[in-house]
Amino acid sequence: MTDLGVRDLSAIVKAYDIRGVVGEQLDVEVARRLGAGFARLVGGDPNASAVAVGRDMRDSSPELAAAFAEGVTGQGLDVVDIGLASTDLLYFAAGRLQLPGVMLTASHNPARYNGLKMCRAGAVPIAEDTGLREIKADAERGVPVDPSVAKGSVTERYLLPDYADYLRKLVDLSNIRPLKVVVDAGNGMAGYTVPEVFDGLPLDLVPLYFELDGTFPNHEANPLDPKNLVDLCAKVVEEGADLGLAFDGDADRCFVVDERGDPVSPSAITALVAVRELAREPGSAVIHNLITSRAVPEIITEHGGRPVRTRVGHSFIKQTMAQTGAIFGGEHSAHYYFRDFWRADSGMLAALHVLAALGEREQPLSELMADYARYAASGEINSTVSDPAARLAVVKRHYGDNDGVQVDELDGLTVAFPDGSWFNLRPSNTEPLLRLNVEAADAGAVAALRDEVLALARD
């Protein structure tokens, strides 16, 4: 193996995954070294005779996936190549086959990026403090190939029908009323998985941008940005559809639009799915991160569940789910986690829950979701600052001494006021940014609190 020289992998190894610009930060040699490092990490696991590898539709994904597989097989482990996949299809492979797995994807990032999401057997996440740091170190110095160790083999496995069958058994849609649904795949992997999952269900599917195209010719596959929902919202109204669904590039997140073309808050979807899961197993714990609406723990409690608050991020959610036995977990970013899906996140499974809830009733989605959306919210507002820690300290000093104000630092700074309004201000893991989320009784109160906090938080 050649020496990486001045290449600095700290630029691409993030807190939860690996992402970088193809050709500049991430190339076949880096992918091969990462494969060797991954094999070294999981090689001691009892279920690690092979590694499942999937990839998205980006132009660079086949070459990078092949190089990663070379790194794995060079260390004596076999590779099960599942080919094109959504990230939750890769998690399905890791759970069903009980193998560690790697997904080649940059999720919602622009076309010039690619990356890797990694897990152990059973879809147990690998993050910075649970293996990524070791993989990075091995990839930087290079893991030698032992000539006495037989090279592993690569076999192909087509799992899409099994994945679809498994999801349809978890959420039965066979007896719902017919629904017309517009799906915007954003030229991402939902264009591959949705037709298989929806096949045979009482759904009139109107596809938008289902052609797999890693150049994203229509819009970025990032539904968290409202501009990328414009086409879906318009199409739902034009078609007179019952709802719209938008998936990100690797289809592990799903965003929902009601029949009026209005986006539905992921917090409201979290509450809806929580109620459905609690009806199945009363008294269960349900995870929510600290950015979700306070309506979420309220509704969980009202339906006999145990709300458990956690930090933002899939590794924290999954760890807490394992510790509490939680049946479900949701985040403000439209990541939804299911105990019966190996505690992994699946945008498709969340979508099926929404379709089932709507199809079991005659009311439109806007009326159904009104029960779950109780407060106004700002959405996430990013501010570039020179010293995030210093600005956080300024904000904390300003609010910390006020009577009745509650301050906690579970993840950044959360400040809650006696009238029920609150905000969270937290630093980015990778950039000099502060991320602000505000919730209050109405839009006017949100705007006032937002402006007050931003005036303190920005340089």
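The model is predicted: local features need pLDDT of at least 70, side-chain atom pairs count only at pLDDT 80 or more, and totals for chains, interfaces and linings use all residues. Residues are numbered from 1 along each chain as its sequence is written, and side-chain values use heavy atoms, with hydrogens and water left out. Helices (H or I, at least four residues) and strands (E, at least two) are DSSP runs, numbered from the N terminus.

**Helices α1 and α4**

- Helix α1 (residues 28-42) packs against helix α4 (residues 132-141) at an angle of about 130 degrees, and their axes are 8 Å apart. Axes are lines fitted to C-alpha atoms, for helices over the stretch in contact, and angles run from 0 to 180 degrees between N-to-C directions.
- This angle makes α1 oblique to α4; angles under 35 degrees count as roughly parallel, over 145 as roughly antiparallel, 65 to 115 as roughly perpendicular and the rest as oblique.
- The contact (heavy atoms within 4.5 Å) involves Arg 33, Leu 34, Gly 37, Phe 38, Arg 40 and Leu 41 of α1, together with Glu 134, Ile 135, Asp 138, Ala 139, Glu 140 and Arg 141 of α4.

**The sheet from β8 to β12**

- An open sheet of five strands has the order β9-β8-β10-β11-β12, with mixed pairing. Two strands pair if DSSP finds at least two bridges between them.
- At the edges stand β9 (203-208) and β12 (263-264), each pairing on one side only.
- Four bridges connect strand β10 (residues 243-247) with strand β11 (residues 254-257) in the antiparallel sense; Leu 245 has Val 256 of β11 as its bridge partner.
- Helix α7 (residues 230-239) packs on this sheet and touches β8 (179-184), β9, β10, β11 and β12, its direction making about 155 degrees with that of β8.
- Helix α11 (residues 347-359) lies across β8, β9, β10 and β11 and runs at about 175 degrees to β10.

**The sheet from β13 to β17**

- Another open sheet of five strands has the order β14-β13-β15-β16-β17, and its pairing is mixed.
- Its edge strands, β14 (306-310) and β17 (344-345), each pair on one side only.
- Strands β15 (residues 328-330) and β16 (residues 336-338) run antiparallel and are joined by three bridges; Gly 329 stands opposite Tyr 337 in β16.
- Helix α9 (residues 295-302) packs on the sheet, touching β13 (285-289) and β14, and its direction makes about 155 degrees with that of β14.

**Helix α10**

- Gly 325 follows α10 and has a positive phi, near 70 degrees.
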